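This report describes selected features of the structure shown below. Please keep the sequence and the model in view while reading.

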Amino acid sequence: MGKPRVKVPKSAAAGDVVTIKTLIKHKMESGQRKDKDGNKIPRKIINFFSATFNGTEVMSVNLHGAVSTNPFIQFDMTVPETGDLAFKWVDDDGTVTETTKTIKVG
Amino acid sequence: MNISRRKALAFGGAALTVTLVPVSFAQAASEDVMKAAIAAFTGGADVAEGGIELTTPEIAENGNTVPVAVSSPGAKRIILLASGNPNPNVADFAFGALAAGNGSTRIRLAGTQDVVAIAEMADGSFTQVAKAVKVTIGGCGG
């Protein structure tokens, strides 16, 4: 898995709804493709994504083979207070990539 | 050897039918697979319409990366399904209290087909929306 890129506002007013954008480099091999000898290329994708704010899960996604290369996920959330937004991606091989951004209120 | 044009065309046509039929069977999810995927999410409950919005391009030039956005304020979970893909499941979103009940991503579509989104609302009811997307170049490889 490559380095994740996330776009999170640095500050917000309490109760603001903000847009979060995330992107991570990954081939997302769907398991449907064949190599030039006609053998199926085994599936290797990021199968799970989650965003957690101060320990409470905001949203999570189970991804399947139909999600494009370099999976992009965008969502909106309410910011109740100053806190850390933690992102997590899980690969089929068990590798976990994490990153955290702080949102300041006030 | 002397092959008439008519014979050559007939032979070519036959060969084409033979090769095309199994390919189309293998690639698209059958209706049963799609129904099973929906039932796995809803548990067989009735699915209403409305209260959920799905934004897709009408025509996607490249089926490898089709932007889709789904929004259903108050939803607990939303699944995205592609009816014409070998495996109809695309992504399953789950929302906590802070989430606005929306999500966008980019997906692969094997060909022109309906993209379906089904939301489970906080009261346990289900609602769905479907959008047709025309795909010029399929996104599942060969």
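Thr42(B) touches Val47(B), Ile118(B) and Phe126(B), leaving out residues up to four places away in sequence; contact means heavy atoms within 4.5 Å. Residues are numbered from 1 along each chain as its sequence is written, chains are lettered from A and ligands numbered from 1 in the order in which they are written, and side-chain values use heavy atoms, without hydrogens and water.

Thr42(B) belongs to helix 2 of chain B, residues 31–42; helices are DSSP runs (H or I, at least four residues) numbered from the N terminus. Thr42(B) counts as buried because its relative accessibility is 9%, the cut-off being under 20% relative accessible area (1.4 Å probe, protein chains only). A polar atom of the Thr42(B) side chain lies 3.2 Å from the backbone nitrogen of Gly44(B).

| Confidence item | Value |
|---|---|
| Mean pLDDT, chain B | 86 |
| Chain B residues with pLDDT 70 or more | 78% |
| pLDDT, residues 18–26 of chain B | under 50 |

Where pLDDT is low, the predicted coordinates should not be read in detail.

Key: Predicted model: local features only at pLDDT ≥ 70, side-chain atom pairs only at ≥ 80, totals over all residues. pLDDT = per-residue confidence, 0-100. Helix = DSSP H or I, 4+ residues; strand = E, 2+ residues; numbered from the N terminus. Buried < 20%, exposed > 50% of the residue type's maximum accessible area, 1.4 Å probe, protein only. Polar contact = N/O pair within 3.5 Å; in protein donor to acceptor, adjacent residues only side chain to side chain.
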